[in-house]
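Please work through the following exercises with the structure in view. Each task is followed by a solution in steps.

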Amino acid sequence: MDNAKILIYDGSFNGFLTSVFIAFEEKVYVADIQRNGQAQNALFSDTEIIFTQMDKAKRVWNGIQNKSNTAIKNIYFAFLSEYKGIELLLYRYIQKLFASQVSVHSDYSDTIVLKISQLAKNVGREKHRMEAFVRFQLTKDAIYFANIEPDFNVLPLISKHFRSRYVDQHWLIYDIKRKYGLYYNLQTVEIVSLDLNEVYANSIHKSDRFLGEEYSYQELWANYFRSTHIKSRINKKLHTQHIPKRYWKYLSEKKQAV
Amino acid sequence: MSFERIKEKLNILADAAKYDVSCSSSGSDRTNTNKGLGNAAPAGICHSYTEDGRCISLLKVLLTNHCIFDCAYCVTRKSNDVKRAAFKIQEVVDLTINFYRRNYIEGLFLSSGIFKSPDYTMERLVAVAKKLRLEKSYNGYIHLKSIPGASDELMYEAGLYADRLSVNIEVPTISGLKLLAPDKKYEDFTKPMRKVQHEIVRYKAERRIIKSTPKFAPAGQSTQMIIGATGESDKDIMYSAHHYYTQYQMKRVYYSGYVPVAEDSRLPAIGSQVPMLRENRLYQTDWLLRFYGFGVQEILNNEHPNLDMDVDPKLGWALRNLHLFPIDINRADKGMLARIPGVGMQSVGKIISARRFRKLNWEHLKKIGIALNRAKYFIICDSEQWENHELEPQKIKGMILKNSVGKFRKNYSSQLQLFN
């Protein structure tokens, strides 16, 4: 107990896995695992800066995967939730996994296991929402462009879906909150960061970066959206439950409502 | 193409198609081939929601709302005085592709009024699907309506391009059908259904031997029934739904509370309330049949021809069968766990996983997320304190209703409203 340590990592998932590796290897008593830049010194613990090492991260990944596929998925998803203190929670979860012979990941009566699986569920839900709520706008450079502002860092998770669906068109999905995006150039998906000085939400104002035809299709879609309502069954509460208001500004069919 | 004209057509033809409640885009595993456009998401994706809370997953339009038939319940019936329009095949194709590329939709749902003859109409529907698949290398979801009375050859071709096919039976009883849709015969509905079912069976068998057999309607068939138009009982509806599930291997049967669209002495008047609560109870029953292992005669029979409006069908069943309870959460098998009111299939899975590690008590069950306000009267778990299980059904029902809220409560409460 003499050397409780705070591990500081670079914020990447591999960095986190490296921290876990080092904590296990050096038998560190972990006081906390913190993201570089958000670190806070505690009074009685040392800090150690962890440098991401792919081979070590890979070993932890494989080790967990050998235990259970669900566990590794839950860990990755929960990590992307950016929940405060997620690193320590995940570390405890991984400790539990390795300490037991049976598959602890399904012990839903354990507080940590339940919390991790619920966080993973939340992230999974957000991933699914983003697959649904991305609205591409066709730019003059023939790129289908969308900006999003998801609750969790789900871009790495939705990449595969869009890559396998829109194979024959250039597309770019940009996360405004986290300031990075995915660009598909008909071959591969690359991570890009842009100097966006304007958010291309669905304002009534038309930007000259998009084709005129683009706005015609948005109008058609908004029209279609309006004609699907059945007046005698209106249920606004259910409507906003399905599409929470925070997503509205990026949905072209909700232009009038924003 | 003129956007103004398209817009007008879209408004008319989408408006007429909205009473078709089928919206699912799930069940197909079509992948993107040859660097084409799109694929099917096996779980389906809802891209938006209407203001009445239904999901918008597909571009749901009619090819035309011209119709030679005069079915009383239908908004596009011949004798109804509405604006008529028709899309060209190319127009539907362009709309679908452009909406799809912008990630607005999961695919196309194409239905149609019947013009000239069933075969003539079906041919046009198939032509749209064919054009999308072959010319545009489109691999997204396509749901086509099977037109009642269409020929077997056309139905076969439709299955090659579509992911799902559906015929709406609309009226659950044959006598009701004679009353409301005198031009149509019951056999017209079942013939295309039967053909598609046989082809699906054949496809599955051939697929086992030759992997490259072209897909045939991978997402299966569905149908829809109107609720509350002809005074049928819940038993009539669910027994006929059960018939379609077992005899025709339907993937889904949809229930649609009748929205009065035309003045007709055979039907509820315009402005009468849509039976939404009843619709909800029917869907709950449908789920009990498909996922919870209930038999239809357990829930609805001659003694109970209608579902309880004030409690859900599972709770209603449990109250009639109190001798089977209480159930021990830590010992009961999956089938019995699924029969506890307030416990869903997700929770059943969690309980089974979690009880391998320790005996579960009220705290655990609450965290797992089961609705204890209903479940607590029907279970025992690892706890000293337990509910009194010697209660009468009426008393349990009263206590559950007293300690819960429901959005439809005002519809059936016998208590007078003080402020209203």
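The exercises below concern a predicted model and proceed from a sheet, through helix pairs, to domains and chains.

**Exercise 1. The sheet of chain A**

Task: Determine the strand order of the open sheet in chain A and state which strands stand at its edges.

Solution. 
Step 1. The open sheet has three strands, arranged in the order β2-β1-β3 (chain A), and the pairing is parallel.
Step 2. In this order, β2 (29-35) and β3 (46-49) of chain A each have a single partner strand, so they stand at the edges and one side of each has no neighbour in the sheet.
Step 3. From one strand to the next, the twist averages 25°.
Step 4. Strand β1 (residues 4-9) of chain A and β2(A) run parallel and are joined by six bridges. Within this sheet, Tyr9(A) is found opposite Arg35(A) of β2(A).
Step 5. A helix also belongs in this picture: α1(A) lies across β1 and β2 of chain A, and runs at about 155° to β1(A).

**Exercise 2. Helices α1 and α2 of chain A**

Task: Classify the packing of helix α1 (residues 13-25) of chain A against helix α2 (residues 54-67) of chain A, and describe the residues of their contact.

Solution. 
Step 1. The two helices pack at an angle of about 80°, and their axes are 8 Å apart.
Step 2. Angles of 65 to 115 degrees count as roughly perpendicular. The angle therefore makes α1(A) roughly perpendicular to α2(A).
Step 3. On the side of α1(A), the contact is made by Asn14(A), Leu17(A), Thr18(A), Val20(A) and Phe21(A). On the side of α2(A), Met54(A), Lys56(A), Ala57(A), Arg59(A), Val60(A) and Trp61(A) take part.
Step 4. Sorted by class, the residues of this contact are seven nonpolar, two polar and two charged.

**Exercise 3. Helices α5 and α6 of chain A**

Task: State how α5(A) and α6(A) cross, and identify the residues that make the contact.

Solution. 
Step 1. The axes of α5(A) and α6(A) come within 9 Å of each other and cross at roughly 45°.
Step 2. This angle makes α5(A) oblique to α6(A).
Step 3. The crossing in which α5(A) passes α6(A) is right-handed.
Step 4. Lys127(A), Met130(A) and Glu131(A) of α5(A) meet Leu157(A), Ile158(A) and His161(A) of α6(A). Three of these contact residues are nonpolar, one is polar and two are charged.

**Exercise 4. Helices α4 and α6 of chain B**

Task: Carry out the analysis for helix α4 (residues 152-161) and helix α6 (residues 186-209) of chain B.

Solution. 
Step 1. Their axes come within 10 Å and cross at roughly 50°.
Step 2. α4(B) and α6(B) are therefore oblique to each other, and α4(B) passes α6(B) in a right-handed crossing.
Step 3. α4(B) contributes Asp152(B), Met155(B), Tyr156(B) and Gly159(B) to the contact, while α6(B) contributes Pro192(B), Lys195(B), Val196(B) and Glu199(B).
Step 4. The classes in this contact are four nonpolar, one polar and three charged residues.

**Exercise 5. The domains of each chain**

Solution. 
Step 1. In chain A, four residues of domain 1 are in contact with four residues of domain 2. The side of domain 1 of chain A that touches domain 2 has two nonpolar, one polar and one charged residues.
Step 2. In chain B, 10 residues of domain 1 are in contact with eight residues of domain 2. On the domain 1 side, α8 (276-291) and α9 (296-299) of chain B are the elements that give two or more residues. α8(B) gives the most, with six residues.
Step 3. That side of domain 1 of chain B has five nonpolar, three polar and two charged residues.

Notes. Residues are numbered from 1 along each chain as its sequence is written. Chains are lettered from A and ligands numbered from 1 in the order in which they are written. This is a predicted model: local features need pLDDT of at least 70, side-chain atom pairs count only at pLDDT 80 or more; totals for chains, interfaces and linings use all residues. Axes are lines fitted to C-alpha atoms, for helices over the stretch in contact, and angles run from 0 to 180 degrees between N-to-C directions. Helices (H or I, at least four residues) and strands (E, at least two) are DSSP runs, numbered from the N terminus. Angles under 35 degrees count as roughly parallel, over 145 as roughly antiparallel, 65 to 115 as roughly perpendicular and the rest as oblique. Two residues are in contact if their C-beta atoms, placed from the backbone, lie within 7 Å. Ala, Val, Leu, Ile, Met, Phe, Trp, Tyr, Cys and Pro count as nonpolar, Asp, Glu, Lys and Arg as charged, and the others, Gly among them, as polar. A crossing is left-handed if the near helix is turned anticlockwise from the far one by less than a right angle, and right-handed if clockwise. Two strands pair if DSSP finds at least two bridges between them.
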